[in-house]
Amino acid sequence: MLPSYSISTSRFRYIYIFPLNPLLNRLINLPTMSTYSLFFFCYSFLIFMSLRVKSDPDPLQDYCIAQPKGSQPPFFVNGAPCINPADASPSHFTTTALSKPGNTASNPLGFNVTLTTIQNLPGMNTLGLTMARVDIAGNGLVPPHTHPRASEVTILIKGSLLVGFVDTSNRLFTQQLREGDAFVFPKGLIHFLYNLDSKAPAFSISGLTSQNPGAQLASAATFTTKPNIPDDILKKAFQINGQDVSRIRRNLGG
């Protein structure tokens, strides 16, 4: 049974505090506390707990399935195993992965994203960041998407981009970027990048606040799932008909 304490004051009949650190128990005499002392104690206790309790680290995967007791699972970690620090060298902390343009003709939207990973930049493991090069052809588009585990800051290196994000009240924030401009996309919010120039390509460099930020295209996540989201749900959600659902799925490769 957990210990409880009864405190009589002019404003409080009973207040229960469970369970207290032994050091705090020795420092205070709860049964004789005044109202002022009680508030001071609660404030001090919250400060004390904030120094003692740490939040969980952010996950690097969409999910992590718990293994039942007694099983012998393969080796999975929230990141990657580390080499012996004595074997570290400067080459582990540098990469040329972002130095070359990506192939924007690889998809009909005209964009390509090149990421740093623990394969091409092993020194980034556990540091909670990713860099990306975003190449966009003339009139190309990085379609509305989210990063569920990261905020993003984009710096336009070449060209002209219209960028924007939508907050949870459906308010749209947009900005036309010129070379050298930067824009921040808050964590988990839908955002896009569009090349305003019909001929000249553009490219930007982005920093993301997770080793594995994830990327979910809004259109693909809705119309190309396996198995399909039922047509009736999509028709009602988007106020379209069955032919529209089929056409959109076909156009998106679903």
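Which residues have the most contacts inside the largest nonpolar core, and how many residues does this core have?

Mentor: This is a predicted model, in which local features need pLDDT of at least 70 and side-chain atom pairs count only at pLDDT 80 or more, while totals for chains, interfaces and linings use all residues. Residues are numbered from 1 along each chain as its sequence is written, and side-chain values use heavy atoms, with hydrogens and water left out.

The largest nonpolar core has 14 residues, and those with the most contacts inside it are Ile-136, Val-142, Leu-161, Val-163, Phe-183, Phe-185 and Leu-193. Such a core is a set of buried Ala, Val, Leu, Ile, Met, Phe, Trp, Tyr and Cys residues joined through side-chain atoms within 4.5 Å; buried means under 20% relative accessible area with a 1.4 Å probe, protein chains only. At least two core residues come from each of strands E2 (130-136), E5 (161-166) and E7 (182-185), strands being DSSP runs of at least two residues, numbered from the N terminus. E5 gives the most, with three residues.

Beyond its neighbours within four places in sequence, Phe-183 is in contact (heavy atoms within 4.5 Å) with residues including Val-163, Phe-165 and Phe-173.

E2 and E7 also belong to an open sheet of five strands, ordered E1-E2-E9-E4-E7 with antiparallel pairing; two strands pair if DSSP finds at least two bridges between them. Strand E1 (111-115) and E7 stand at the edges with a single partner strand each, so one side of each lacks a neighbour in the sheet. E2 pairs with strand E9 (residues 202-208) in the antiparallel sense over seven bridges, and the bridge partner of Ile-136 in E9 is Ala-202.

Definitions and conventions: Buried means under 20% relative accessible area, exposed over 50%, partly exposed in between (1.4 Å probe, protein chains only). Helices (H or I, at least four residues) and strands (E, at least two) are DSSP runs, numbered from the N terminus.
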